Amino acid sequence: MARKTKAEAEQTRQDILNAALELFHERGYSRTTLDQIARKAGVTRGAIYWHFKDKVDLFVGLKDEIEGSAGIRLEDLLQLQVNSLVDIQDGLLRYFRQLEQDQRFRKYFETVIFRTEFTDDLLPVRDQYQNKLRRRQQKDEDDLRHLQAAGQVRADVDCVQAALALRALMIGLLHTWLMDSEAFSLTEQGGALLGDFLKSLQP
């Protein structure tokens with residue numbers, strides 16, 4: 001049998017990732033087997049093991065591939081330079097817009113939130129997500145304190161509580177929209193609610 005070219009090997013890897021995303025989204029992580037993924041991708045189980053050491057490694061590979069190709073990631077929001085409350089709103093709106101417009105990113109997001117049981121083998125992945133959310137909340141606290149010192153946030157605002165409320169609002173909007181995306185526009189109505197909250201912090 002002829003050895004696969006680098007391009008062919010990469011295409012096989014991508015086919016496996018695509019099949020994994022479809023099945024994880026349809027069946028959930030725990031109920032999806034490597035045999036099912038192999039059949040869906042049209043490859044052998046051995047081909048999966050050539051690219052990934054096990055199902056956890058495949059899940060992590062899918063996460064890295066999706067996040068790596070995303071227009072904006074949570075890590076990007078952590079690096080966002082904030083000089084006003086509008087900057088916070090604009091960053092989150094970019095993330096919301098990506099979920100509405102990028103079907104692959106949305107499918108991955110739904111899989112992680114609703115169809116993945118973070119069992120012992122996936123605890124490192126769960127811990128990574130939790131760490132990102134905590135870092136995001138800490139950044140919001142720091143940004144709000146900076147804006148408060150600049151007179152753009154009311155002096156009586158508790159920045160720790162405000163950052164927690166912002167996190168709860170963001171996660172609540174995301175979960176509610178993913179449960180029923182026909183009910184409202186995440187970018188338009190969700191963005192308006194986000195804007196109303198941030199305006200409430202102004203002097």
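**The interface between domain 1 and domain 2**

Nine residue pairs, both members at pLDDT 80 or more, are in polar contact between domain 1 and domain 2. A polar contact is a pair of N or O atoms within 3.5 Å; within protein, one must be able to donate a hydrogen and the other to accept it, and residues adjacent in sequence count only if both atoms are side-chain atoms. The model is predicted: local features need pLDDT of at least 70, side-chain atom pairs count only at pLDDT 80 or more, and totals for chains, interfaces and linings use all residues. Residues are numbered from 1 along each chain as its sequence is written, and side-chain values use heavy atoms, without hydrogens and water.

The domain assignment gives domain 1 (6-67) and domain 2 (72-201); such bounds come from an automatic or database assignment. Their C-alpha centres lie 29 Å apart. Contact (heavy atoms within 4.5 Å) joins 17 residues of domain 1 to 18 residues of domain 2.

The two domains bury about 1700 Å² between them, 61% of it on carbon and sulfur atoms. This area is the accessible area (1.4 Å probe) that two parts lose on being put together, summed over both. His25, Phe59 and Glu67 supply 37% of the area that domain 1 buries against domain 2, more than any other three residues.

Three salt bridges are counted between the domains. A salt bridge places a side-chain nitrogen of Lys or Arg within 4 Å of a carboxyl oxygen of Asp or Glu. Lys107 forms a salt bridge with Glu22, with the closest N and O atoms 3.1 Å apart.
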